[in-house]
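Reader: I'm new to this one. Can you walk me through it?
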Amino acid sequence: MNLVPLVLYAAALVAYAWHFAQRNPVLGRSATTLLVAAALAHTFVIGMQTMEVGHVPVAGATSAISTFVWLLALSYLYVEMTTDERAMGVFILPLLVALQAIPGFRPGIEDRAPVLQGPLFGVHVSSLLFAYASFALACVIGITYVLLFKEIKAKHLGFFYARLPSLQVLDRMNQRAIVIGWIFLTIGIIVGGIWAAQARGGYGAGDPRVQAMSLEDPKIFVALLCWFVYSFELFAARRIGWGGRRAAYLSAVGFVIVLFNFVPITYFFSKSHNF
Amino acid sequence: MQLLLVGISHRTAPVELRERIDFQARGLTDALRALAQRGSAREAVVVSTCNRAELYVACDEATATRQDLVRFVSDFNGVASGELTPHVYDVTDLEVARHLFRVAAGLDSLVMGEPQILGQVKDAHTIASDAHTSGPVLNRLFHSSFAVGKRVRTETGLGSGAVSVSYAAVALARKIFGDLSGRSVAVIGAGEMGKLTALHMKSQAVKHVTIVSRTMAHAARTAEAIGGASAAPWEELDNVLAASDIVITATGAAAPILTSAHIEAVMRPRRNRPLFIIDIAMPRDVEAAAGEIEQVFLYNIDDLQATVRENLARRASEVARAETIVNEEVERFGSWFRSRGAIPTVVALRERFEAIRRAELERLDFKLSSLPPEARARVDEITHLIVEKLLLTPTEQLKALDNSEAVSAYTEAMNRLFALTNQPGDEQAERGRQTKGGRVEPFKRPTGGRR
């Protein structure tokens, strides 16, 4: 059952790539249908896990990845349906497939550590996952911006010129995704800090992981680094005219850090977030 | 029934002749009526654009009709037929379908894949429909051609990419700015080229067009000629540049009027808002190095011409795919067209059966007259249904025949088996069938008796 969403995401990836190459509207609709099916199957899997363990599975690293993929798929579908642009799918789907492979092949029933409780913990995790999904979209939009920008600058109007929306639209979509992501990142970090302070004095007093929750922990440090990168991007785009290509590069850099923080750091380096 | 096409186009006739053969100017409806009155064609559609004048007709005998059509074209347009004949082409039956499908797809156009022609073909058919000169055969033919046009548009790249310099410039501006409606355009230079480009931009519904010229009077005159544009003196150039999104330079200056450093200075107060510069002047008005500046997109006339050439080459490479679609659709139309050969037999068969039914009812009329009207209606209905049921399978089978040998063999057999001698014209029968929903003239039945 865990593999069904993964297989559907992979099928949608093939359809999006094919649609991108051929620009056939029928292929495009089937790609969207496959992705909707994948998201529904994924919703079902997450729902089953929720019923099984009694809470939304976000507390373990693996299940958090699964939930992130689900949120990203839904956010992408929202963007696709509101803008009627399918070209971005071919860039976002590889990420979905690659990340979903982790929970797909390593399902592992989530058992929540007893310290991870309270409403603030839920807010912390879900706002960060949503922020990361927005940043993923911003990154993909930024990459397409740069590809199109280079074609127009080089005066060689070819593959991407025929397939992508205008630079202006891409820039605006990128900015919007960054703003939304930044708001949720800020909420997530602040709420996480409050939760850690409460836990340290109360129910998590004996847990070494709660004690390790400080700026020296790589996970927390890199999260703050992300916050600075995105804050700078927002400031630069508004105040010093760093829109367009520079903003696109920055959103790609920001998301590489997010991804690095999300997968390898959680699994191998962090002492405070390895639940 | 045969299909026939007689016409001239940009491939066969010089523009001087095409100008004189213009059905559009003399009224397509009048032309269709005049054509119908001659009686040589059963159905007719006239496609008339500046690049072609073509008569599509369905007729009984193509050779005679062809001559009459050429005479009609010459009479109607007042062009001597000796002058016309060397430029006229004609094809029959499925080649007519192939020709029309290629026309609708834009494969026969002067500019390969241009989109207007499909609309013109549609209009031509609508006008013929309204004038009642198009019938079942041409309706089917033209509807198939619309489908071909649509398929070629969506399944191939035949119509993609701008193929003129001004459209290439507008397409580029769209790719940079998205919607152009909120954008400001500056035109530097008040010459003829600048004016034409400004007019073209104006037609794209941009927010504002400003003309800048070294001579303020020239700028003002050009702005007035365009209408809705404003003029600015040369001293204002930097402010105009800073406020504009698209800049078109078209001065006659011998040296560049905008250096790279100049544009870099203008970009600073713009906070890196994109600037699209189109340099259509010869020699160049803008230093090539300006194109290196972040968020400056500089295209000169050669660059635009190069993209046009690329687009034309890309269109040419799509021709084979479009031709495949045309072949498929010709095949499909062909099997329908051939199956029509059996229609006279079908009609004769139905009329024969109906005649027998009616004769029997009349023969028994004295016995039935004692029945109440409801019962009489029921008898009529039952006998009608029996005839329909008996004819259902043979009708379907006859209509499914799609090669002419089988059609003639079956026709022969039917004629013998059911003694079908007097076959009516299929045209009339087809009309009859259309208006009465497949039923032949019914037996007089009392109204209100059906349950």
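Author: We'll start with chain B, its sheets and helices, and then turn to chain A. Keep in mind that this is a predicted model.

Reader: OK. How many helices and strands are in chain B?
Author: Chain B has 20 helices and ten strands.

Reader: And what share of chain B is buried?
Author: Of its 451 residues, 39% are buried.

Reader: What about contacts between residues 24 or more positions apart in chain B?
Author: They account for 73% of the chain B contacts with a separation of 6 or more.

Reader: Let's do sheets. What is the strand order in the open sheet of six strands in chain B, and is the pairing parallel or antiparallel?
Author: The order is 7-6-5-8-9-10, and the pairing is parallel.

Reader: Which strands stand at the edges?
Author: Strand 7 (230-233) and strand 10 (296-300) of chain B. Each has a single partner strand, so one side of each is left without a neighbour in the sheet. From one strand to the next, the twist averages 20°.

Reader: Zoom in on strand 5 of chain B. How many bridges join it to strand 6 of chain B?
Author: Five bridges. Strand 5 covers residues 184-188 and strand 6 covers residues 208-213, and the two run parallel. B:V185 stands opposite B:V209 of strand 6.

Reader: Now helices. Which residues of helix 10 of chain B are buried?
Author: B:G194, B:K195, B:T197, B:A198 and B:M201. Seen down the helix axis, they fall within an arc of 165°, so they line one face of helix 10 of chain B.

Reader: What covers them?
Author: The cover includes strand 5, strand 6, helix 11 (216-226) and strand 8 (246-249) of chain B.

Reader: Helix 11 of chain B, then. Which of its residues are buried?
Author: B:A219, B:T222, B:A223 and B:I226. Down the axis of helix 11 of chain B, these fall within an arc of 100°, so they line one face of the helix. Among what covers them are helix 10, strand 6 and strand 7 of chain B.

Reader: What comes just after helix 11 of chain B?
Author: B:G227, which takes a positive phi of about 85°.

Reader: How many bridges pair strand 1 with strand 3 of chain B?
Author: Eight, in the antiparallel sense. Strand 1 spans residues 2-9 and strand 3 spans residues 52-59. B:V6 stands opposite B:L55 of strand 3.

Reader: At what angle do helix 16 and helix 18 of chain B pack?
Author: About 165°, with their axes 10 Å apart. That makes helix 16 of chain B roughly antiparallel to helix 18 of chain B. Their crossing is right-handed. The residues that meet include B:L349 and B:F353 from helix 16, and B:V387 and B:L390 from helix 18.

Reader: On to chain A. How far apart are the axes of helix 1 and helix 2 of chain A?
Author: 8 Å, and the two helices pack at an angle of about 165°. So helix 1 of chain A is roughly antiparallel to helix 2 of chain A. The crossing of these two helices is left-handed.

Reader: Is A:I92 buried or exposed?
Author: A:I92 is buried, because 24 other C-beta atoms lie within 10 Å and 20 or more count as buried. A:I92 is found in helix 4 (residues 89-105) of chain A. Leaving aside neighbours within four places in sequence, A:I92 is in contact with A:Y76 and A:V140.

Reader: Last one. How many residues does the contact take from chain A and chain B?
Author: It takes 16 residues from chain A and 17 residues from chain B. On the side of chain A that touches chain B, helix 7 of chain A gives the most, with three residues.

Conventions: Residues numbered from 1 in each chain as written. Chains lettered and ligands numbered in written order. Predicted model: local features only at pLDDT ≥ 70, side-chain atom pairs only at ≥ 80, totals over all residues. Helix = DSSP H or I, 4+ residues; strand = E, 2+ residues; numbered from the N terminus. Buried ≥ 20, exposed ≤ 12 C-beta atoms within 10 Å, placed from the backbone. Contact = placed C-beta atoms within 7 Å. Pairing = 2+ DSSP bridges. Axes fitted to C-alpha atoms, helices over the stretch in contact; angles between N-to-C directions. Arc of directions from axis to C-beta. Parallel < 35°, antiparallel > 145°, perpendicular 65-115°, else oblique. Left-handed = near helix turned anticlockwise from the far one by under 90°.
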